[in-house]
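Me: Please show me the structure, and then let us go through how its parts pack together.

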Amino acid sequence: MRSISRVTGVSINTVTKLLVDAGRACAEFHDEAVRHVKAQRVQCDEIWSFSYAKANHVLSAKAAPERAGDVWTWTALDADSKLIISWLVGPRVKDAAHSLMYDLSLRLGNSPVQITTDGLRAYVDAVWENFGESVDFGQLVKLYGPAPDGHHRYSPPQCIGAIKHPMFGNPDAKHISTSFVERQNLTMRMQMRRFTRLTNGFSKKFENHCHALAIYFVFYNWIRIHKSLRVTPAMAADLTDKLMDWSDVVAMIDNRELETKIRQAEKPQKIAYKS
């Protein structure tokens, strides 16, 4: 954001306002447009980042805001169209898993569907409470070797295997996989500076982190052409037959601002009486 401010010669406050306006417009667009998705296989996962400071450093950080610390981005991806159907930003807890599955259940337009997650226990209750017997659910539990030594302390442990667990319903074992959603996690980390490790580009404010993600998911679903599909995920999922570009996002921001001004103008004016 400060790079944009320097290159364009505008105030950082102007850039921040644009981020907020665009984030809110994109979040509303995703909520309205990603509905009745005809997905047969959905993969879910969560990716780590942090806001202001890592969880271990929040107590010693200077003037840390309320939501400082580790932040997890939960995603539900259609394995065929690669569409991000639902996403959520929050802690890695049971309530967040439940919220993701509840939102996912509202956006799917067909039944049954097969859902695959990692081995996080919170998913089991969340899937059952929101889908019940109408879903085929499986978990892919990965096995990791010992942690790297001090010379490779930023490298993750080596994955030495994976076990497929059919949880309930009748999931197809060959489709119990999280490969596509994990690949999308890599795309997210590579294309957003806020997710880059060991830099000073991390989010300083939780709300701005959410706004940036809202913009990214509209870009990923509706603007960016998927390399193997040759179309955008939204087109592959039959949500649209048109390719969007950034001018459409700008139009969203302008339309939202205009609608806000109209609503404010239509509000009854308060009359002050003097005695």
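Reply: A crossing is called left-handed if the near helix is turned anticlockwise from the far one by less than a right angle, and right-handed if clockwise. Helices (H or I, at least four residues) and strands (E, at least two) are DSSP runs, numbered from the N terminus. This is a predicted model, in which local features need pLDDT of at least 70, side-chain atom pairs count only at pLDDT 80 or more, and totals for chains, interfaces and linings use all residues. Residues are numbered from 1 along each chain as its sequence is written, and side-chain values use heavy atoms, with hydrogens and water left out.

Me: Is the crossing of H6 and H8 left-handed or right-handed?
Reply: The axes of H6 and helix H8 (residues 246-266) come within 11 Å and cross at roughly 135°. Axes here are lines fitted to C-alpha atoms, for helices over the stretch in contact, and angles run from 0 to 180 degrees between N-to-C directions. The crossing of H6 and H8 is right-handed.

Me: How many nonpolar residues does the contact of H6 with H8 have?
Reply: Contact means heavy atoms within 4.5 Å. H6 brings Ile-215, Val-218, Phe-219 and Ile-223 to this contact, and H8 brings Trp-246, Val-249 and Met-252. Ala, Val, Leu, Ile, Met, Phe, Trp, Tyr, Cys and Pro count as nonpolar, Asp, Glu, Lys and Arg as charged, and the others, Gly among them, as polar. The contact of H6 with H8 has no polar and no charged residues, and its nonpolar residues number 7.

Me: How are H2 and H6 placed to each other: parallel or oblique?
Reply: Helix H2 (residues 12-33) packs with helix H6 (residues 206-223) at an angle of about 55°, their axes 8 Å apart. Angles under 35 degrees count as roughly parallel, over 145 as roughly antiparallel, 65 to 115 as roughly perpendicular and the rest as oblique. H2 and H6 are therefore oblique.

Me: What kind of aromatic pair do Phe-29 and Trp-222 form?
Reply: Rings of Phe, Tyr and Trp (its six-membered ring) pair if their centres lie within 6.5 Å; planes under 30 degrees apart count as stacked, over 60 as edge-to-face and the rest as tilted. A search of the whole structure finds 10 aromatic pairs. For Phe-29 and Trp-222 the ring centres are 5.0 Å apart and the planes are at 65°, so the pair is edge-to-face.

Me: Is Trp-222 buried or exposed?
Reply: Buried means under 20% relative accessible area, exposed over 50%, partly exposed in between (1.4 Å probe, protein chains only). Trp-222 has 5% relative accessibility, so Trp-222 counts as buried.

Me: How many of the 10 residues of helix H4 are buried?
Reply: The buried residues of H4 (residues 122-131) include Tyr-123, Val-127 and Phe-131. They pack against elements including strand E1 (41-51), strand E2 (69-78) and helix H3 (94-107). H4 is largely enclosed by the rest of the structure, because its buried residues number 7.

Me: How far apart in space are Val-71 and His-209?
Reply: Val-71 lies in strand E2 and touches His-209, along with residues including Trp-48 and Phe-206. In sequence, Val-71 and His-209 are 138 residues apart. In space, C-alpha to C-alpha, the distance between Val-71 and His-209 is 9.2 Å.

Me: Is Arg-107 buried or exposed?
Reply: Arg-107 is found in helix H3 and touches residues including His-30, Asp-31 and Ser-86. With a relative accessible area of 3%, Arg-107 is buried.

Note on methods:
Lists of a residue's contacts leave out its neighbours within four places in sequence.
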